[in-house]
Amino acid sequence: MTDKLFYERQLLNCGCKYICGVDEVGRGPLAGPVVCAAVIMPLDDIIEGVDDSKKLSEKKRNILSEQILKKAIACRICRIEPQVIDEINILEATKLCMKNAIEGLEVAPDYVITDGNMTLDIAIPQKSIVKGDALSYTIGCASIVAKVHRDALMTDYSKLYPEYDFAGNKGYGTKTHIEAIKQAGLCPIHRRSFTKKWH
């Protein structure tokens, strides 16, 4: 069993009080924004079942997201739209999204831990943890909140652009989604830099 508070405990022992976990959802899809969540959680009142959002069922994610948002000391969700992703590339868009989420928190963190392997342009001390969403409770909370938020956005977009089944594929390049692009062309939320081979 992984100790999901291993990193947080180290930081608490160093005198940090407000530890912010950050994660993104939606780097890979052909359509829709990239979404990031930054959360500061109370570490003396843990929510059971928090894990990498991809390992959880949709129902479980929705329940946990609600609990996380209720319990969070601070939480901020940000998104970067497809047009900006096309302009600055997905890596830079992800970093900008994370930075905006952190800087938009109503409580300033002492330390930031992010999922992945990137350095953010922020003044706060930070650490990047590969597979952090599965290894850290705080990053896991951020990953769940970001995923639930983005999935809801894509379900809403599905009503606007029903031919692409965004509710089902969440913008990812499934076979039926690619077929729909070939048939109907691109819609306003498609990432042009991701879909060059089909238009």
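## The second largest pocket

On a 1 Å grid over the protein atoms alone, a pocket is an open set of points where a 1.4 Å probe fits, with protein on both sides within 12 Å along at least five of seven lines. Grid points are joined across faces, edges and corners, and a volume is the space filled by probe spheres set on the points. This is a predicted model, in which local features need pLDDT of at least 70 and side-chain atom pairs pLDDT 80 or more, while totals for chains, interfaces and linings use all residues. Residues are numbered from 1 along each chain as its sequence is written, and side-chain values use heavy atoms, with hydrogens and water left out.

The second largest pocket holds about 160 Å³ of space. Its lining residues (those with an atom within 4 Å of a point) include Asp23, Glu24, Val25, Ser143 and Lys147. Two elements, β1 (19-25) and α6 (137-160), each give two or more residues to this lining. Helices (H or I, at least four residues) and strands (E, at least two) are DSSP runs, numbered from the N terminus. The largest share, 3 residues, comes from β1. By class, the lining has 2 nonpolar, 3 polar and 6 charged residues. Here Ala, Val, Leu, Ile, Met, Phe, Trp, Tyr, Cys and Pro count as nonpolar, Asp, Glu, Lys and Arg as charged, and the others, Gly among them, as polar.

## Aromatic rings

The whole structure has 2 aromatic pairs. Rings of Phe, Tyr and Trp (its six-membered ring) pair if their centres lie within 6.5 Å; planes under 30 degrees apart count as stacked, over 60 as edge-to-face and the rest as tilted. Phenylalanine 6 and tyrosine 7 are edge-to-face, at 5.2 Å centre to centre and 85 degrees between the planes. Phenylalanine 6 is partly exposed, at 41% relative accessible area. Buried means under 20% relative accessible area, exposed over 50%, and partly exposed in between (1.4 Å probe, protein chains only).

Tyrosine 164 and phenylalanine 166 are stacked, at 5.4 Å centre to centre with 15 degrees between the planes. Both tyrosine 164 and phenylalanine 166 are buried. Elsewhere, arginine 191 lies over the face of phenylalanine 194, 5.0 Å from the ring centre. A charge sits over a ring if NZ of Lys or CZ of Arg is within 6 Å of the ring centre and within 35 degrees of the ring normal.

## Two buried helix residues

Serine 65 is in helix α2. Serine 65 is buried, at 4% relative accessible area. Neighbours within four places in sequence aside, serine 65 is in contact (heavy atoms within 4.5 Å) with Ile144, Val145 and Val148.

Aspartate 151 belongs to helix α6. Aspartate 151 is also buried, at 8%. With neighbours within four places in sequence left aside, aspartate 151 is in contact with Arg61 and Lys170.

## Loop residues

Most residues other than glycine have a negative phi. Lysine 131 has a positive phi, near 60 degrees. Lysine 131 sits in the loop between β5 (126-129) and α5 (132-135), and is exposed at 60% relative accessibility. Aspartate 165 also has a positive phi, near 55 degrees. Aspartate 165 lies in the loop between α6 and α7 (166-169), and is partly exposed at 38%.

Serine 57 is in the loop between β2 (34-40) and α2 (58-71). Serine 57 is partly exposed, with a relative accessible area of 42%. Serine 57 and glycine 185 are 128 residues apart in sequence and 32 Å apart in space, C-alpha to C-alpha.
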